[in-house]
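Please examine the sequence and the model before reading on.

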Amino acid sequence: MVLFDNVSMTYPGGDMRAIDEMSFAIDDGEFVFLVGPSGSGKTSIIKLITGEVRADSGELNVNGFDLRRIRRGKLPALRRTIGVIFQDFRLIEDMTVYDNVAFAMHVVGASNREIRRRVPYVLDLVGLSGREKRFPREVSGGEQQRVAVARAIVNSPQLLIADEPTGNLDPARSLELMLLMDRINDNEMGTTVLVVTHEKELVNSFSKRVVAIEDGRVISDGMDGYYSYEIQ
Amino acid sequence: MKSSKIGYLIKEGFKSIGTHGFMSFASVTIIIACLVIMGSFTLIAVNIDSMLDSLEAENQVVAYVEETFSEEEARALQPEIEYISNVRLCRFVPREEAMEEFASQFENQALFQDVDASVLRDRYIIYLNDISLMEQTQEELYNIIGVANVDAHLGVAEGFVAVRNVVSAVSLILVVVLVVVSVFIMANTVKLATLSRREEIAIMKMVGASNWFIRFPFIVEGLVLGLLGAIIAFLLEWSVYDVVTNRIIAGVIGRLVSVIPFSQLSPIVLPVYLGVGLAVGVFGSTIAIRNYLQV
Ligand SMILES: Nc1ncnc2c1ncn2[C@@H]1O[C@H](COP(=O)(O)OP(=O)(O)OP(=O)(O)O)[C@@H](O)[C@H]1O
Ligand SMILES: [Mg+2]
């Protein structure tokens, strides 16, 4: 569960609020698109959710953690409940595709046996079988993206966040990735999914909840797709 | 922590040494250079110190006994002289023996051959513990009834003290300067090494890694590099020391001074090198990543 209640945040050294008295809630098991122009604060919302930056005021709760009062030592526990697919993938360059996914399981203390069973399964799920031994620079942009997806879902997080995951993909691949996210959302664990995107077509081809933001504020929130945001 | 996790982290540490080959090489080289340079200066100072020790030990004070004292009476002074705390050793030399010695020095000069021993005095050859206290000891010898005169080379004693002070001061300054310089170089090398891994650390944190999970491989890496550097530096120091001291022993100076064999120094040098290598390796890597862990 994600709860923003009147949250404001200014970057250190920034002159304006990147997030300005923002309120919205995402329930467990929901699938939400987050849309908005460049610089509107989408990535900032993700950084707030993962505890990478702190809110200046308001109330912020994620998966049962009170992020306004969380101690630094508790951040790893929070982050293990969240899987993030970053705008720029953020893969570790000198680890193979396999290790990039496996190390996320080592982080949470999974046993070697679990890892050997789970990683190939997840890599297969995102269509990366046969690429295990390659390094990130030796696979295509779309494949790197899917490594990032595999890493984000390998620990079965409660909340899956994707920041512009389709930025580098052709429309067919984008749709495929969205269907994969939808499947992850639909699974028996009911993973909550938050997808940041610019792609109108894509958003409109799914009838999901769309939260639109501009200048750090929510300007529309509903099931009626991307268009309502454009009208504003 | 589970053992499988520790195993993984140790493996990651070793892997990282290979992946960051150039930086590993640079760190080890710097550790070696610092250890060898500092070690060499220290060993030179230790050797000079020991040479001074042996030269000092040769330095003797002669106390002459009153002419009126019989040999018996003169011999009786020995315990009184030995009672002075700075006296390490004293040897009684009766006037006849002194005469023989004297005569043998001037063998060819007939003038001295038949001089009667009674013109000389019985004497004590005295060796001191600490020659910087020579003047004080001289006073104490004068205070003994029966001691007529004391021959002490106060100037020589002062010279030794001065040389020793200069040597200790110079080596202390050099070691301090070298420590500062090498810590600075080391810190920068490690900083450079970790700069490239800043992103990697940030990613690990985002996936939920604890600080210990991130730090552990770095510490393993620092430990291994530090140990490696220490061992190589020790072997290098050993061979350099052997080559240099063999030259000295074979050369002219070798007849004047003695050098301490490395086998006698290694029980101290090896643990110090290992300790410094480990400390630099572990602290270097811990300090260098500290800032990146605050995400
Ligand atoms: N580290 C930072 N320091 C200062 N200001 C920042 C920082 N990161 C982002 N900002 C500012 O905060 C605002 C929101 O940025 P954010 O990255 O959240 O936008 P975004 O919606 O993700 O944009 P995009 O679609 O281009 O990724 C922008 O005005 C940006 O310039
Ligand atoms: Mg962004």
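## The magnesium site

In this predicted model, the magnesium ion (ligand 2) is coordinated by A:Thr43 through OG1 and by A:Gln87 through OE1, at 1.9 to 2.6 Å. Donors are N, O and S atoms within 2.8 Å of the metal (3.2 Å for Na, K and Ca), and sites may look incomplete because water is not among the atoms. The two residues are 44 residues apart and link distant parts of the chain: A:Thr43 lies in helix α1 (residues 42-49) of chain A, and A:Gln87 in the loop between β6 (82-85) and α3 (97-107) of chain A. Helices (H or I, at least four residues) and strands (E, at least two) are DSSP runs, numbered from the N terminus.

A:Thr43 is partly exposed, with a relative accessible area of 29%. A:Gln87 is partly exposed at 39%. This term covers values between buried (under 20%) and exposed (over 50%), with a 1.4 Å probe and protein chains only.

## The domains of chain B

Chain B is assigned domain 1 (3-55 + 159-293) and domain 2 (60-152); the bounds come from an automatic or database domain assignment. The C-alpha centres of these two domains of chain B lie 53 Å apart.

## Basis of the model

Residues are numbered from 1 along each chain as its sequence is written, while chains are lettered from A and ligands numbered from 1 in the order in which they are written. Local features need pLDDT of at least 70, side-chain atom pairs count only at pLDDT 80 or more, and totals for chains, interfaces and linings use all residues, while side-chain values use heavy atoms, leaving out hydrogens and water.
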